[in-house]
Amino acid sequence: MYCLSDLEVDFILKDIIARGITTEDIQYNLLDHICIIIEQNLEQNGDFKEFYYSIIKTFYRHDLSEIEAETCILSNYNKHVVLNRKQFFFLIFLIFIGPFIAYNILWIDLNWQSSRWHIPIEIWGNSVAYALWPSLIFLVIFLTPEKFDPLIPKKINDSSGHKAFY
Amino acid sequence: MTYSTELLKGTLKTIILKLLADNKKMYGYEITQKVKELTSDKIQLTEGALYPTLHALEADKLVTTEIEYIGKRMRKYYRLSQEGKIKTKEKVKELSNFMESMVSLLDIKPKKF
């Protein structure tokens, strides 16, 4: 069983960092993992560097920074809010049309006694221009996904070229 | 025979969570060895898959960690959090149901022991 010196441990850590591992957590996990393999498999008077370079190669396909990339992907995966189509369009309706509907309801509520249903043309006009027409456009897009859906790309390419490890 | 990448995709978190549920606390190298041992070398977790997944589990607060210093280096032990224990049950149940569905879908007869 090989006993690693502090200098050798430092050498491994520096090499891991130089190979593109920036997440401290991953650096120390890899360091410990590599140290265990060396301690368990290298003979007492074995060549440390030669053995280290032979095992570090088994940790990656192209280079060690793949592990860092994978870490970033997995860490960010759940941080994005993913909406389905219904939720997306509901949000769009809410953002674009909601304020007009709310304003109209508020106006009617405040002026109900004096105006009843005699709503001024400004209110109707704004609602039609800024709420009704966008509603219709969104409705058409929502109901005809095969023709107009901007959410479904015509051609899906995996431009990252990243492959997960397993 | 080792299993293909496609088969292992999506099961890694469940494997790690279940191992942590059964073993209280474990560190990375120990997890890889335990998986090898339990599956007779059929599943070999790579470091490139294991550590990013452990990092993600920690970020999701499904595991808690404990540091132990061994000379100049440190060893990080992972332990299930309360949330992780609940998630483990869900994940194991989900995978179990999925396997049952696959058995009936592919018309596989389970081996009799």
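# Notebook: chains A and B, predicted model

I started with the interface: 25 residues of chain A are in contact with 24 residues of chain B, where contact means C-beta atoms, placed from the backbone, within 7 Å. Helix 1 (6–18), helix 2 (24–41) and helix 4 (65–77) of chain A are the elements that give two or more residues to the side of chain A that touches chain B. Of these, helix 2 of chain A has the largest share, 10 residues. I sorted that side of chain A by class and got 14 nonpolar, six polar and five charged residues. For the classes, Ala, Val, Leu, Ile, Met, Phe, Trp, Tyr, Cys and Pro count as nonpolar, Asp, Glu, Lys and Arg as charged, and the others, Gly among them, as polar.

A note on ground rules before going on. This is a predicted model, with local features needing pLDDT of at least 70 and side-chain atom pairs counting only at pLDDT 80 or more, while totals for chains, interfaces and linings use all residues. Residues are numbered from 1 along each chain as its sequence is written, and chains are lettered from A and ligands numbered from 1 in the order in which they are written.

**Fold overview**

I listed the elements next, taking helices (H or I, at least four residues) and strands (E, at least two) as DSSP runs numbered from the N terminus. Chain A has eight helices and zero strands. Chain B has five helices and three strands, in the order α-α-β-α-α-β-β-α.

Then burial, with these cut-offs: buried is 20 or more other C-beta atoms within 10 Å of a residue's own, exposed is 12 or fewer, and partly exposed is in between, with C-beta atoms placed from the backbone. In chain A, 16% of the 166 residues count as buried; in chain B, 27% of the 113 residues do.

I also checked sequence separation. Of the contacts in chain A with a separation of 6 or more, 63% are between residues 24 or more positions apart. In chain B, 53% of the contacts between residues at least 6 apart join residues at least 24 apart.

**The core**

Which residues have the most contacts inside the largest nonpolar core? I found A:Leu30, A:Leu31, A:Cys35, B:Ile16 and B:Leu20, in a core of 35 residues. A nonpolar core here is a set of buried Ala, Val, Leu, Ile, Met, Phe, Trp, Tyr and Cys residues joined through C-beta atoms within 7 Å. Helix 1, helix 2 and helix 4 of chain A each supply at least two residues of this core, and so do helix 2 (12–23), helix 4 and strand 3 (73–80) of chain B. Helix 2 of chain A gives the most, with eight residues.

Leaving aside neighbours within four places in sequence, A:Leu30 is in contact with A:Ile16, A:Ile21, B:Glu47 and B:Tyr51.

A:Thr23 was next, in the loop between helix 1 and helix 2 of chain A. With 17 other C-beta atoms within 10 Å, A:Thr23 is partly exposed. Not counting residues up to four places away in sequence, A:Thr23 touches A:Glu68, A:Thr71 and B:His55. I also noted 9.1 Å between the C-alpha atoms of A:Thr23 and A:Cys72, which are 49 residues apart along the chain.

**Helix 4 of chain B**

Both B:Tyr51 and B:His55 are among the buried residues of helix 4 of chain B.

I looked at the loops on either side. B:Asp41, in the loop between helix 3 (28–38) and helix 4 of chain B, has a positive phi of about 70° although it is not a glycine. B:Asp41 counts as exposed, with 11 C-beta neighbours inside 10 Å. B:Lys61, in the loop between helix 4 and strand 2 (63–70) of chain B, is not a glycine either and has a positive phi of about 65°. B:Lys61 is exposed, with 12 other C-beta atoms within 10 Å.

**A helix pair in chain A**

Last entry: the axes of helix 5 (residues 85–96) and helix 7 (residues 121–143) of chain A come within 11 Å and cross at roughly 175°. That makes helix 5 of chain A roughly antiparallel to helix 7 of chain A, a term for angles over 145 degrees. The axes are lines fitted to C-alpha atoms over the stretch in contact, with angles from 0 to 180 degrees between N-to-C directions. A:Phe89, A:Ile92, A:Phe93 and A:Phe96 in helix 5 meet A:Pro134, A:Ser135, A:Phe138 and A:Phe142 in helix 7 of chain A.

Notes:
Contact = placed C-beta atoms within 7 Å. Parallel < 35°, antiparallel > 145°, perpendicular 65-115°, else oblique.
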